[in-house]
Amino acid sequence: MLKELNPIIHSELRLQIMSLLTSLVDADFSYLRQQTGATAGNLSVQIDKLASAGYISVTKTFKGKMPCTTCKMTPEGAAAFAEYVETLKTYIQ
Amino acid sequence: MDSRKSLELISEMIHKSQENLKHGSMRPFFIWGYTTIGVSLLVWLLLKLTGNPAMQWFWWLIPVIGMALTLVIDKKYSKEHLKSYVGKCVSIVWLVMCAACVVMVLSLNLAPSGTSHFFAGKSVFVPILFIVCFTMGCGTAMTGLMINSKVLSISGFIGLAGSIAFMYLHGLTSILAFAGAFAIMMVIPAHIQAAIYRHSK
């Protein structure tokens, strides 16, 4: 029987965010928005879900007068993402 | 969302982040390569015109101009601040190589006149240009190997091996050779690599 895919990662936008963060030290909100093509509201909601699960850490700072939200994958997130990819491979095979 | 679509999405996003990192990744090679060539030619010209050894102090323009340009250009492109784990490792390699180079150059500057090192029973003078070319060659080769760039790996090893020439070259010729070494080791390969990245888009 096939193992269930992690529901926190298995959503289009959340998977996009996790995939982008997997090879980056960190990425800011505007970069994630640009790459995923998501709306600010939707992206913000999905980032919060990933952060609540402990898969990413979110840091809010200021660049000059502009607020800057930076996301970084946590070790728990990296492990969950690796497990997700492994499970996905069993689905393909 | 089915499994195939998930995999496609993962590979698309990873590819996108890698593409973004390629943009501007050759910038440090251009900054430090062109600065070194420019300052070398300036020192060569000043020494040729005046014959005054004090003109050698102009070598310190390399770190001054290089760091100033790095700060200005980093600020200009601060919007594209993205760092991969490979990029972080490359930055650390260059930090260590530059620190090693500065410490060795400083120690040679501060050493008493006529200082030499004994190796295999003979007295050996270590020229500064050899140390700089050697350390920068190491840095270029390591960067090339880490980012999977054949052209930078090969040019780095050429620089590394070619640095031995500075043990034999002396006077004004060595300065011109030094400028040439940086063109071969850093500037030309960086232009080739940047062109490869542009064509792969």
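The structure is a predicted model, in which local features need pLDDT of at least 70, side-chain atom pairs count only at pLDDT 80 or more, and totals for chains, interfaces and linings use all residues. Residues are numbered from 1 along each chain as its sequence is written, and chains are lettered from A and ligands numbered from 1 in the order in which they are written.

In the interface, 17 residues of chain A are in contact with 17 residues of chain B (C-beta atoms, placed from the backbone, within 7 Å). On the chain B side, two or more residues each come from α1 (3–22), β1 (83–84) and α4 (85–110) (DSSP runs numbered from the N terminus; helices are H or I of at least four residues, strands E of at least two). The largest share, 11 residues, is given by α1(B). Strand β1 (residues 24–28) of chain A runs antiparallel to β1(B), and two bridges join them (strands pair if DSSP finds at least two bridges between them). A:D26 has B:K83 as its bridge partner in β1(B).

Within chain B, the axes of α5 (residues 128–146) and α6 (residues 150–162) come within 7 Å and cross at roughly 160 degrees (axes are lines fitted to C-alpha atoms, for helices over the stretch in contact; angles run from 0 to 180 degrees between N-to-C directions). The helices α5(B) and α6(B) are therefore roughly antiparallel to each other (angles over 145 degrees). Residues making this contact include B:F134 and B:M136 of α5(B) and B:L152 and B:F157 of α6(B).

How values were computed: Two residues are in contact if their C-beta atoms, placed from the backbone, lie within 7 Å. Angles under 35 degrees count as roughly parallel, over 145 as roughly antiparallel, 65 to 115 as roughly perpendicular and the rest as oblique.
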